[in-house]
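Biologist: Could you walk me through this structure, one question at a time? I would like to begin with the charged side chains.

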Amino acid sequence: MSQSYYYGAQYVPGAGLGAAPQNRSFNLEYIPNYPPSRTDIFRGGSDIQKRMTQREDTLRFEQGRIKALQEERLHIQKKTFTKWINSFLLKARMEVDDLFTDLADGKKLLKLLEIISGERLAKPNNGRMRVHKIENVNKSLAFLHTKATMADLGIIDSQVSTTE
């Protein structure tokens, strides 16, 4: 079924000053899905929904990829730092397998600082309680506090003015 609608007399641009207006017709066979369904009018159409789900899928993929790259970077940094520590602890016939668990008691940390600085540090506490572990870590931090300034470590306090 071919439906045509006439919009009355229309001026045709470029036809000249004396040109007579022409009737234009509009054929509805060339418009797909006309008239639009009720769901398309109120929900924005199925094409829009498809684009939204594609964007959401892309966003989820990108977020997952970013998270995977962050985890990979963390793993590489942990592995690199562990190898660096082991290169020093080799002199004391010690080794770090897991950075977080092996340095938690403070014993290997004290030994590492002793090797790097070349100075003799306090003997680590051999107790197994959390208090003893914290004491060993505090000894390490106290040594660092006396030997290294915050500027040496690259730490700058935002509250301290630079003009003092």
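Modeller: The side chains of Asp98 and Lys78 meet in a salt bridge, 2.8 Å from N to O. A salt bridge here is a side-chain nitrogen of Lys or Arg within 4 Å of a carboxyl oxygen of Asp or Glu. This is a predicted model, where local features need pLDDT of at least 70, side-chain atom pairs count only at pLDDT 80 or more, and totals for chains, interfaces and linings use all residues. Residues are numbered from 1 along each chain as its sequence is written, and side-chain values use heavy atoms, with hydrogens and water left out.

Biologist: How many residues apart are Asp98 and Lys78?

Modeller: Asp98 sits in the loop between H2 and helix H3 (99-102), while Lys78 belongs to helix H2. Helices (H or I, at least four residues) and strands (E, at least two) are DSSP runs, numbered from the N terminus. The pair links distant parts of the chain, and its separation is 20 residues.

Biologist: Is Asp98 buried, partly exposed or exposed?

Modeller: Buried means under 20% relative accessible area and exposed over 50%, with partly exposed in between (1.4 Å probe, protein chains only). Asp98 has a relative accessibility of 25%, so Asp98 counts as partly exposed.

Biologist: Which helix holds both Asp57 and Arg60?

Modeller: These two side chains also form a salt bridge, at 3.1 Å from N to O. Asp57 is partly exposed at 45%, and Arg60 is exposed at 52%. The two are 3 residues apart, about one turn of the helix, and that helix is H2 (residues 46-89).

Biologist: Why would residues three or four places apart in an α-helix point the same way?

Modeller: It comes down to the geometry of the helix. Residues at that spacing point the same way because an α-helix has 3.6 residues a turn.

Biologist: Which residue forms a salt bridge with Glu114?

Modeller: Glu114 lies in helix H4 and is buried, with a relative accessible area of 16%. The closest N and O atoms of the pair are 3.1 Å apart, and the partner is Arg120.

Biologist: Which backbone nitrogen does the side chain of Glu114 reach?

Modeller: Leaving aside neighbours within four places in sequence, Glu114 is in contact (heavy atoms within 4.5 Å) with residues including Glu119 and Arg120. At 3.4 Å, its side chain reaches the backbone nitrogen of Leu121.

Biologist: Which residues of helix H4 are buried?

Modeller: H4 spans residues 107-117 and is followed by Gly118, whose phi is positive, near 80°. Its buried residues are Leu110, Leu112, Leu113 and Glu114.

Biologist: Which element has the highest mean pLDDT?

Modeller: pLDDT is the predictor's confidence in each residue, from 0 to 100, and the chain averages 76. Over residues 160-164 pLDDT stays under 50, and the model has 0 contacts there beyond four places in sequence. Among the elements, strand E1 (residues 4-10) has the lowest mean, 50, and the highest, 93, belongs to H4.

Biologist: How many helices and strands does the chain have?

Modeller: Of its 164 residues, 12% count as buried. From the N terminus on, the elements run β-β-α-α-α-α-α. That gives 5 helices and 2 strands.

Terms used
A polar contact is a pair of N or O atoms within 3.5 Å; within protein, one must be able to donate a hydrogen and the other to accept it, and residues adjacent in sequence count only if both atoms are side-chain atoms.
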